[in-house]
Amino acid sequence: MNKHSKIICISCPVGCILTVCSGGDIEVTGHQCNAGIQYAKEEITNPTRNIATSVRVAGGAMPMLSVKTARPIPKGAIRAVVDAVHRVSVVAPVRIGDVVLADAAGTGVDVVATREVGRVNSLEGGRTHALHSNAQKHPCC
Ligand code: SF4
């Protein structure tokens, strides 16, 4: 028996509403380009998502580091990946693209940093100092 469903293509900002008829072959209507057909077929047979979240940073200029999956993961693995990522903490400094969790929850997909976090060292008097500051040097120094 054929099953009809409507999904929104998220491959581009147009957001076409696709009608997908699945049963034997998968038939797609409502798309404005072939990427919509590809998206609909993947969404029906093996839906995937990119995950973006954050992890704790020790010794960093900020307490949290934004991270994302290096490529989409199966939708059914989202909870396991998010749980695994939230158990991770990293030590500054961290650079964009650093792997913070390899093979997240056995998906074969790494979770990587999406921003840079410099290291902070304590100075006398309890003040802190960013070692990787973007601040420019004063001309007299
Ligand atoms: S079908 Fe094509 S035009 Fe429509 S949302 Fe998907 S990618 Fe964009």
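What share of the contacts with a separation of 6 or more in the protein chain comes from residues 24 or more positions apart? Such residues account for 43% of them. A contact here is a pair of residues whose C-beta atoms, placed from the backbone, lie within 7 Å. The structure is a predicted model, in which local features need pLDDT of at least 70, side-chain atom pairs count only at pLDDT 80 or more, and totals for chains, interfaces and linings use all residues. Residues are numbered from 1 along each chain as its sequence is written.

The protein chain holds two helices and twelve strands. These are DSSP runs, numbered from the N terminus: helices are H or I with at least four residues, strands E with at least two. From the N terminus, the order is β-β-β-α-β-β-β-β-α-β-β-β-β-β. Of the 141 residues, 18% are buried (20 or more other C-beta atoms within 10 Å of the residue's own, C-beta atoms being placed from the backbone).

Five strands form an open sheet in the order β8-β5-β6-β10-β9. Pairing is mixed; two strands pair if DSSP finds at least two bridges between them. Strands β8 (89-91) and β9 (99-101) are the edges, each pairing on one side only. From one strand to the next, the twist averages 45°.

Within this sheet, β5 (residues 52-58) and β6 (residues 64-69) run antiparallel, joined by five bridges. Axes are lines fitted to C-alpha atoms, for helices over the stretch in contact, and angles run from 0 to 180 degrees between N-to-C directions.

How values were computed. Buried ≥ 20, exposed ≤ 12 C-beta atoms within 10 Å, placed from the backbone. Contact = placed C-beta atoms within 7 Å.
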